[in-house]
Amino acid sequence: MDAKVKTTLYHHVGGRKVEGTSGRFGDVYNPATGEVTARVPFASASEVRGVIAKALKAFPDWAATPPAQRAQVLFRLRDLIRQQLDDLAKLLSAEHGKTFSDAKGSVTRGLEVVEFACGIPQLLKGEFNEGVSRGVDMYTIRQPIGVCAGITPFNFPAMVPMWMFPIAIACGNTFVLKPSEKDPSVTLRLSELATEAGLPAGVLNVVNGDKEAVDALLTDADVGAISFVGSAPVGEYVYKTGCAHGKRVQALTGAKNHMVVMPDADMDQTVDAVMGAAYGSAGERCMAISVVVTVGDQTANELIERLKVRLGDLKVGPYTDAQAEMGPLVTPQHLDKVKGYVDLGVEEGAELVVDGRNLKVKGHEKGCFLGGCLFDKVRPTMRIYKEEIFGPVLGIVRAKDYDEAVKLVNDHELGNGAAIFTRDGDAARDFTSAVKIGMVGVNVPIPVPVAYHSFGGWKRSLFGDLYMHGPEGVRFFTKLKTITTRWPSGIRSGAQYHFRGGGEH
Ligand code: NAD
C-alpha cells in the first residue's frame, strides 16, 4: 500500500462496519491534490450474497412495522443529517472535489427526499370503491417488494443514494446499496446515521465494489428490484441483465443537455445561467448544460464574447478555498478522459475559443484541475457533440432558426434535460410540448424536479418505466395489489359460469 494511504474503508452491513475479505481494493483520491487518500474494498460475489442474506432476514419484521413507525426513524435520520450537514459536505468534497457550498446543496437536495419519505403513511394510501357491483367492494394496496438494491454514480454520492433508499425503506423494503467506488465515504456515513437513527440492523446495507459486486446483485434471486444511476452503457447493461433475471429495474443514465438560446433571450440572465449550468461542479452533473444551441449568428457572437470574459474570471480551486466556484475533476483518470475530448474537438475541427487545459492551481499543481473550456462551431456529426464528456467543456452549436434548434434536441440519442432561454411565450410553450426530453426548463437551466415530483429522462437517458423519487419512486418500490370482497350476508348471485360486466360480479 502507498505510504500516504492512511485509510482502508469498509462495508456497512447489518448496522455495523464490516471489513472486506476479497483482498481486492480500489483507490480513492483527494482530487485537489491528486493523491490517493484511502482504499476501498471490492466485495466478492460471495460477500455480496452474504449482505443480501442479511437484508432478506431483516425484511419480514421491517415490512410488518407500521408505516408511521418507519417514518419516525426517517424523521430522526432527517435531524441527524441536518445537524451534520457541514461534516457530510466536507467528507463528500474531499473525495469528489466539488466546492463546499455545492456539496452542501447536494446533500440538502437528498435530505428533501428523506423529508418526502417521512410522509409515507399518506403516500401508501390505497384506493377504495364501495359497491363495484351489488354487495361487492374493491380496494388497492401497495406492498413492499422485498430486498431492493441501488447502484450509484460518483457525481452525487449523497444525493443519488438518497433518491433511492429513503423511499425504498419507507415503503417497507430492505436495501443493499453499492455506491461509486470513487467517493464512497459519505454514502457509508449516511448508512451509519440511519443506524444511529434507530433503523433496525440489515434494513439498509452499504457494500462497496466494482462490476463483480454489481453482477452479484443483478443475478441474485433474492433481489426484487434494482435502481441504477450512472452512464448509459452501464445502465443499459444493468437494465438488460436485471430484467433477464426477473427483476424490476429503473436505470437513469447519461445526458447531453441542450440549452436553446433565442435571439430575444435576456443576455444577462442567459450568461449567468450558462456559467453555473456548464461549469458548476466541473460539469460533472447529469443535468449540466453541455451544449448551447444559439439561434442566429448574432446571438452566438454576443454570447461567446461574454462567456470568454466570464471564463477568464472563473475561480477554480480546492473545496477548502471558500472563493472557489469550480473544483477539480474526480480522479486523474477522469481528467485525462475529459482532456482527451478537448483534444478530439480540436482534431474534429471545432473552434476552441477558451482552452482550460493548461490551468495550474497554485499549491495544487498535481490536482485534477481543468479550466473551463468553450468550443464554438460544434457540428452534430462530431463525437464531442454526440458523446457525453462529463467535464467543464461546453460546445456551441449555431442554428439558423428555432425549428433547427428543436430538431437538434430531438435527434440526440440522450434526453435527460433541456432548456430554452427566451422572452417569447409562444416559443417557450411550443418547446416544452415538442421536445423529446424528460425534464425541461424555461429560463431555468437545470430543471431538476423537487423531491415530491419525479426525476428521469427520455430516450437513452432512462432504461425502464418509472422515474426516481416523488410519486413514481413510491410506485417503483411497491407492488400493487387489488382486492375484491363479498360477504356472506351480502347479495348472493349463485354459481357463475360466465364472465359478467356492467357492474355485476
Ligand atoms: P458509471 O456508469 O461508470 O458507474 C455507475 C455505477 O456502476 C458505479 O457504482 C460503478 O461502480 C458501476 N459500474 C461501473 N462500470 C460497471 C460495469 N461495467 N458493470 C457493472 N457496474 C459497473 O458512472 P459514473 O462515472 O460513476 O457516473 C457518471 C455517469 O452517471 C454520467 O454518465 C452521468 O450522466 C450519469 N448520471 C446520471 C444521472 C441521471 O439521473 N440520469 C444522475 C447522475 C449521474
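**Close-up views of the ligand site**

**View 1. Who surrounds the ligand?** In this predicted model, 26 residues surround the ligand (a heavy atom within 4 Å), and the closest are Lys178, Glu181, Ser231, Thr253 and Glu388. Residues are numbered from 1 along each chain as its sequence is written. Local features need pLDDT of at least 70, side-chain atom pairs count only at pLDDT 80 or more, while totals for chains, interfaces and linings use all residues, and side-chain values use heavy atoms, without hydrogens and water.

View 2. Lys178 places a polar side-chain atom 2.7 Å from a ligand oxygen. In the side chain of Glu388, an N or O atom is 2.5 Å from an oxygen atom of the ligand. For Thr253, a polar backbone atom lies 2.7 Å from a ligand nitrogen.

View 3. Sorted by type, the shell residues are 14 nonpolar, 8 polar (Gly counts here) and 4 charged (Asp, Glu, Lys or Arg). At least three residues come from each of domain 1 (7-248 + 461-482) and domain 2 (257-442), with bounds from an automatic or database domain assignment.

Technical notes
Polar contact = N/O pair within 3.5 Å; in protein donor to acceptor, adjacent residues only side chain to side chain.
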